Amino acid sequence: MTLIKGGTIIDGTGKPAFVGDVLVDGDKVVDVGSLGSIESVGLKTQETLSDPDPETIDASGLIVSPGFIDAHTHSDAYLVIEPDAPSKVSQGITTELNGQCGGSIAPRYGEARLSSDWAAILGERLTWRSLAEYREVLSAAKPAVNTVQFIGHNTLRSSVVGYGATVSSPSQMKEMSRLLEQALDEGGWGLTTGLIYQ
(Lines give C-alpha, C1' and ligand atoms only; values in the text may rest on other atoms or scores of the structure.)
Protein backbone atom coordinates (compact mmCIF):
# COMPACT_ATOMS: atom_id res chain seq x y z
CA MET A 1 0.00 0.00 0.00
CA THR A 2 1.18 3.53 -0.77
CA LEU A 3 0.20 6.93 0.63
CA ILE A 4 0.93 9.79 -1.79
CA LYS A 5 1.03 12.72 0.59
CA GLY A 6 0.69 16.47 0.23
CA GLY A 7 0.45 16.75 -3.57
CA THR A 8 -1.75 19.12 -5.53
CA ILE A 9 -4.54 16.82 -6.67
CA ILE A 10 -6.24 17.28 -10.02
CA ASP A 11 -8.71 14.41 -10.05
CA GLY A 12 -10.26 14.76 -13.49
CA THR A 13 -13.73 15.58 -12.21
CA GLY A 14 -13.55 19.27 -13.13
CA LYS A 15 -13.49 20.52 -9.56
CA PRO A 16 -10.64 22.85 -8.55
CA ALA A 17 -7.27 21.40 -7.63
CA PHE A 18 -6.58 20.91 -3.92
CA VAL A 19 -3.66 19.85 -1.76
CA GLY A 20 -4.25 16.40 -0.36
CA ASP A 21 -3.38 12.75 -0.02
CA VAL A 22 -4.08 9.71 -2.19
CA LEU A 23 -4.09 6.20 -0.77
CA VAL A 24 -3.36 3.37 -3.21
CA ASP A 25 -3.81 -0.31 -2.38
CA GLY A 26 -2.27 -2.52 -5.08
CA ASP A 27 -3.49 -1.08 -8.37
CA LYS A 28 -6.56 0.62 -6.90
CA VAL A 29 -7.04 4.12 -5.49
CA VAL A 30 -8.91 3.50 -2.23
CA ASP A 31 -9.15 7.03 -0.85
CA VAL A 32 -8.54 10.64 -1.83
CA GLY A 33 -8.82 13.46 0.66
CA SER A 34 -7.69 16.89 1.68
CA LEU A 35 -4.30 17.22 3.37
CA GLY A 36 -4.03 15.05 6.48
CA SER A 37 -7.48 13.49 6.19
CA ILE A 38 -6.22 10.07 5.07
CA GLU A 39 -3.31 9.93 7.49
CA SER A 40 -5.72 9.32 10.35
CA VAL A 41 -7.81 6.73 8.52
CA GLY A 42 -11.07 5.85 10.24
CA LEU A 43 -11.48 2.45 11.91
CA LYS A 44 -13.75 1.05 9.17
CA THR A 45 -11.27 1.90 6.40
CA GLN A 46 -8.32 0.79 8.53
CA GLU A 47 -9.82 -2.70 8.87
CA THR A 48 -10.18 -3.11 5.10
CA LEU A 49 -6.66 -2.03 4.19
CA SER A 50 -4.13 -4.68 3.21
CA ASP A 51 -1.40 -2.74 5.02
CA PRO A 52 -2.24 -0.40 7.91
CA ASP A 53 1.26 1.16 7.68
CA PRO A 54 1.60 2.27 4.03
CA GLU A 55 4.77 3.36 2.27
CA THR A 56 4.67 7.15 2.05
CA ILE A 57 5.65 9.27 -0.94
CA ASP A 58 6.08 13.00 -0.31
CA ALA A 59 4.39 14.75 -3.24
CA SER A 60 4.73 18.27 -1.83
CA GLY A 61 5.03 20.73 -4.69
CA LEU A 62 4.04 18.09 -7.25
CA ILE A 63 0.80 17.40 -9.10
CA VAL A 64 -1.02 14.11 -8.56
CA SER A 65 -3.53 13.25 -11.27
CA PRO A 66 -4.97 10.33 -13.20
CA GLY A 67 -2.96 9.23 -16.21
CA PHE A 68 -3.46 11.16 -19.42
CA ILE A 69 -5.04 9.74 -22.58
CA ASP A 70 -3.24 10.43 -25.88
CA ALA A 71 -6.20 10.38 -28.25
CA HIS A 72 -4.27 10.42 -31.52
CA THR A 73 -1.23 8.18 -31.75
CA HIS A 74 0.56 5.96 -34.24
CA SER A 75 2.32 3.73 -31.71
CA ASP A 76 0.77 0.48 -32.94
CA ALA A 77 4.17 -0.95 -33.89
CA TYR A 78 6.30 0.98 -31.43
CA LEU A 79 4.56 -0.57 -28.43
CA VAL A 80 5.94 -3.89 -29.67
CA ILE A 81 9.34 -2.37 -30.55
CA GLU A 82 9.73 -0.31 -27.36
CA PRO A 83 7.11 -1.49 -24.86
CA ASP A 84 8.47 0.66 -22.02
CA ALA A 85 7.10 3.67 -23.96
CA PRO A 86 9.40 6.17 -22.18
CA SER A 87 8.33 9.11 -24.36
CA LYS A 88 4.73 8.59 -23.25
CA VAL A 89 5.19 7.53 -19.63
CA SER A 90 7.48 10.50 -18.96
CA GLN A 91 4.57 12.77 -19.97
CA GLY A 92 2.10 10.99 -17.70
CA ILE A 93 0.31 9.25 -20.57
CA THR A 94 -1.15 5.92 -19.52
CA THR A 95 -3.51 5.21 -22.44
CA GLU A 96 -3.08 5.61 -26.19
CA LEU A 97 -5.62 5.46 -29.02
CA ASN A 98 -3.88 3.81 -31.99
CA GLY A 99 -4.77 3.07 -35.61
CA GLN A 100 -5.52 6.68 -36.49
CA CYS A 101 -5.73 8.37 -39.92
CA GLY A 102 -7.05 5.26 -41.66
CA GLY A 103 -3.86 3.29 -41.06
CA SER A 104 -3.58 0.49 -38.51
CA ILE A 105 -1.24 -2.34 -37.63
CA ALA A 106 -3.90 -4.95 -38.47
CA PRO A 107 -5.65 -6.60 -40.17
CA ARG A 108 -2.95 -6.99 -42.78
CA TYR A 109 -3.82 -9.21 -45.73
CA GLY A 110 -3.30 -9.08 -49.49
CA GLU A 111 -1.10 -6.13 -50.43
CA ALA A 112 -1.48 -4.37 -47.08
CA ARG A 113 1.90 -3.51 -45.65
CA LEU A 114 3.31 -1.51 -42.80
CA SER A 115 5.32 1.63 -43.32
CA SER A 116 8.91 0.70 -44.18
CA ASP A 117 10.35 2.01 -40.90
CA TRP A 118 7.96 -0.09 -38.82
CA ALA A 119 8.56 -3.20 -40.92
CA ALA A 120 12.35 -2.81 -40.85
CA ILE A 121 12.54 -2.34 -37.08
CA LEU A 122 10.05 -5.12 -36.31
CA GLY A 123 11.88 -7.59 -38.55
CA GLU A 124 11.10 -11.16 -37.44
CA ARG A 125 8.62 -9.91 -34.84
CA LEU A 126 6.24 -9.01 -37.68
CA THR A 127 4.29 -12.27 -37.51
CA TRP A 128 0.64 -11.23 -37.40
CA ARG A 129 -2.07 -10.77 -39.97
CA SER A 130 -5.26 -10.49 -37.91
CA LEU A 131 -5.94 -8.10 -35.04
CA ALA A 132 -6.22 -11.09 -32.68
CA GLU A 133 -2.70 -12.19 -33.66
CA TYR A 134 -1.36 -8.66 -33.18
CA ARG A 135 -2.95 -8.43 -29.75
CA GLU A 136 -1.19 -11.67 -28.74
CA VAL A 137 2.18 -10.22 -29.78
CA LEU A 138 1.39 -6.92 -28.03
CA SER A 139 0.32 -8.71 -24.86
CA ALA A 140 3.56 -10.71 -24.82
CA ALA A 141 5.52 -7.44 -25.14
CA LYS A 142 3.77 -6.13 -21.98
CA PRO A 143 3.54 -2.44 -22.92
CA ALA A 144 3.78 0.11 -20.11
CA VAL A 145 0.67 1.91 -21.34
CA ASN A 146 -2.87 0.82 -22.11
CA THR A 147 -3.85 0.89 -25.74
CA VAL A 148 -7.12 1.20 -27.61
CA GLN A 149 -6.83 -0.13 -31.16
CA PHE A 150 -8.82 1.32 -34.04
CA ILE A 151 -8.98 -0.22 -37.50
CA GLY A 152 -7.83 1.90 -40.43
CA HIS A 153 -10.01 2.05 -43.52
CA ASN A 154 -6.89 2.31 -45.73
CA THR A 155 -5.50 -0.86 -44.16
CA LEU A 156 -8.78 -2.64 -44.89
CA ARG A 157 -8.84 -1.32 -48.45
CA SER A 158 -5.25 -2.30 -49.22
CA SER A 159 -5.94 -5.76 -47.76
CA VAL A 160 -8.70 -6.28 -50.32
CA VAL A 161 -8.13 -3.90 -53.26
CA GLY A 162 -4.42 -3.13 -52.99
CA TYR A 163 -2.91 0.30 -53.55
CA GLY A 164 -4.08 0.98 -57.09
CA ALA A 165 -6.31 3.95 -57.88
CA THR A 166 -9.34 1.80 -58.66
CA VAL A 167 -12.95 1.92 -57.52
CA SER A 168 -13.89 -0.85 -55.10
CA SER A 169 -16.42 -3.34 -56.42
CA PRO A 170 -19.48 -4.31 -54.36
CA SER A 171 -17.88 -7.66 -53.53
CA GLN A 172 -14.67 -5.92 -52.41
CA MET A 173 -16.68 -3.54 -50.22
CA LYS A 174 -18.41 -6.56 -48.70
CA GLU A 175 -15.04 -8.19 -47.96
CA MET A 176 -13.73 -5.00 -46.35
CA SER A 177 -16.84 -4.91 -44.18
CA ARG A 178 -16.28 -8.53 -43.21
CA LEU A 179 -12.66 -7.85 -42.23
CA LEU A 180 -13.76 -4.84 -40.16
CA GLU A 181 -16.42 -6.89 -38.40
CA GLN A 182 -13.87 -9.61 -37.63
CA ALA A 183 -11.38 -7.04 -36.27
CA LEU A 184 -14.09 -5.47 -34.09
CA ASP A 185 -14.93 -8.93 -32.75
CA GLU A 186 -11.22 -9.39 -31.99
CA GLY A 187 -11.03 -6.24 -29.86
CA GLY A 188 -10.94 -3.32 -32.30
CA TRP A 189 -12.75 -0.23 -31.02
CA GLY A 190 -13.91 1.32 -34.28
CA LEU A 191 -12.95 2.53 -37.74
CA THR A 192 -10.69 5.48 -38.56
CA THR A 193 -10.41 7.23 -41.89
CA GLY A 194 -7.71 9.17 -43.64
CA LEU A 195 -9.41 10.14 -46.85
CA ILE A 196 -6.45 12.04 -48.32
CA TYR A 197 -4.22 8.93 -48.15
CA GLN A 198 -4.04 6.21 -50.78
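Me: Let me start with the terms: buried means under 20% relative accessible area, exposed means over 50%, and partly exposed is in between. This is a predicted model, so with that in mind, why does Arg178 count as partly exposed?

Reply: Arg178 has 41% relative accessibility.

Me: What makes Glu175 and Arg178 a salt bridge?

Reply: Their closest N and O atoms are 2.8 Å apart, and the rule asks for a Lys or Arg side-chain nitrogen within 4 Å of an Asp or Glu carboxyl oxygen. The pair therefore qualifies. Glu175 and Arg178 are 3 residues apart in helix H7, which means about one helical turn separates them.

Me: Happy with that! Why is the pair Asp70 and Lys88 said to tie together parts 18 residues apart in sequence?

Reply: Asp70 forms a salt bridge with Lys88, with the closest N and O atoms at 2.9 Å. Asp70 sits in strand S6 and Lys88 in helix H3, so the bridge links those parts.

Me: And is Lys88 buried or exposed?

Reply: Lys88 is at 13% relative accessibility; the cut-off for buried is under 20%, so Lys88 is buried.

Me: One more: how do you know that the buried residues of H5 share a side?

Reply: Leu131, Tyr134 and Leu138 are buried in helix H5. They cover an arc of only 60° around the axis, so they lie on the same side of H5. The face turned away from that buried side carries exposed Glu136 and Ala140.

Note on methods: Residues numbered from 1 in each chain as written. Predicted model: local features only at pLDDT ≥ 70, side-chain atom pairs only at ≥ 80, totals over all residues. Heavy atoms only, no water. Buried < 20%, exposed > 50% of the residue type's maximum accessible area, 1.4 Å probe, protein only. Helix = DSSP H or I, 4+ residues; strand = E, 2+ residues; numbered from the N terminus. Arc of directions from axis to C-beta.
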